[in-house]
Amino acid sequence: PEAPFDAGDFVAPPGVRPRITPQAELYYVASRARDPRVDARTYRLSITGNVAHPRALTLDEIMRRPRVYQTSTLECISNEVGGPLIGNCRWVGTPLAELLRDVGVGANAQRVALYGADGYVDSISLDDALKPTTLLVYGVDDQPLTVPHGYPLRLIVPNIFGMKNVKWLERIEVVNGDFQGFWQQRGWSQSAIVLTTSVVDTRQATRAGDLA
């Protein structure tokens with residue numbers, strides 16, 4: 001269901017970062033020197049593996065599925081306290097869970113592997129994939145994703161670090177057992193659950209009276 005976020009309930013005072021991060025200001029991290037250029041006209045998202053009905057969907061077919069607006073935070077696992085590798089965006093997409101139910105996930109499935117057009121691969125647990133907040137995202141603030149942020153389609157999984165929110169998503173594979181993605185093969189976290197982060201923004205004093 002559409003539930004547009006109304007930013008009118010939060011007005012940032014001078015010197016304080018806004019609650020909603022514009023896509024142009026969202027941090028950017030990639031595993032390759034060059035971003036892939038994906039042609040939306042020929043794009044297909046394939047769903048394979050332990051499913052009863054493998055499918056390949058066009059971007060138009062994905063965008064015709066139930067649309068969800070969701071405001072959630074995305075953070076890089078390497079972000080330092082108070083660092084810039086974090087953003088709170090109003091994502092536009094469709095729940096991954098409903099698509100997985102359509103294709104019929106097998107009884108022994110445990111993880112969902114995610115393949116990007118840049119060659120990057122990672123995975124999330126089936127439990128996380130079936131959460132209603134896990135989205136196949138094609139826009140931010142009613143604007144299409146830009147290339148650096150995963151055009152034409154990416155994954156958004158709230159509460160999991162950005163390395164598992166795969167960009168330029170082109171294939172989903174439902175797998176039995178464990179699956180070691182790009183960073184897990186290098187010893188990084190498999191669960192990648194976001195740690196509690198708190199930052200206090202304060203307005204810089206410009207006059208002596210501001211300190212009173």
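This is a short chat about a predicted protein model.

Q: What kind of model is it, and what pLDDT do local features need?
A: It is predicted: local features need pLDDT of at least 70, side-chain atom pairs count only at pLDDT 80 or more, and totals for chains, interfaces and linings use all residues. Residues are numbered from 1 along each chain as its sequence is written, and side-chain values use heavy atoms, with hydrogens and water left out.

Q: How many helices and strands are there?
A: The protein has 3 helices and 10 strands. Helices (H or I, at least four residues) and strands (E, at least two) are DSSP runs, numbered from the N terminus.

Q: In what order do the elements run?
A: From the N terminus on, β-β-α-β-β-α-β-β-α-β-β-β-β.

Q: What share of the protein is buried?
A: Buried residues are 43% of the 212. Buried means under 20% relative accessible area, exposed over 50%, partly exposed in between (1.4 Å probe, protein chains only).

Q: Now strand S5. Is it largely enclosed or open?
A: S5 (residues 109-116) has 7 of its 8 residues buried, so the rest of the structure largely encloses it.

Q: Which strands pair with S5?
A: S10 (residues 169-176) pairs with S5 in the antiparallel sense over 7 bridges. S6 (residues 121-125) also pairs with S5 in the antiparallel sense, over 5 bridges. Two strands pair if DSSP finds at least two bridges between them.

Q: Which residues sit across from Val112 and Arg111?
A: Val112 stands opposite Val174 in S10. Arg111 has Ser125 in S6 as its bridge partner.

Q: What about the S5 and S6 hairpin; which residue takes a positive phi?
A: Gly119, with phi near 95 degrees. The hairpin has 4 residues between the strands.

Q: Switching to helix H2. Which residues are buried?
A: In H2 (residues 96-103), Leu96, Ala97, Leu99, Leu100 and Val103 are buried.

Q: Why do they line one face?
A: Down the axis of H2, the buried residues fall within an arc of 165 degrees, so they line one face of the helix. The arc is that of the directions from the helix axis to the C-beta atoms.

Q: What comes just after H2?
A: Gly104, with a positive phi of about 75 degrees.

Q: Last topic, rings. What lies over the face of Tyr115?
A: Arg171 does, at 3.8 Å from the ring centre. A charge sits over a ring if NZ of Lys or CZ of Arg is within 6 Å of the ring centre and within 35 degrees of the ring normal.
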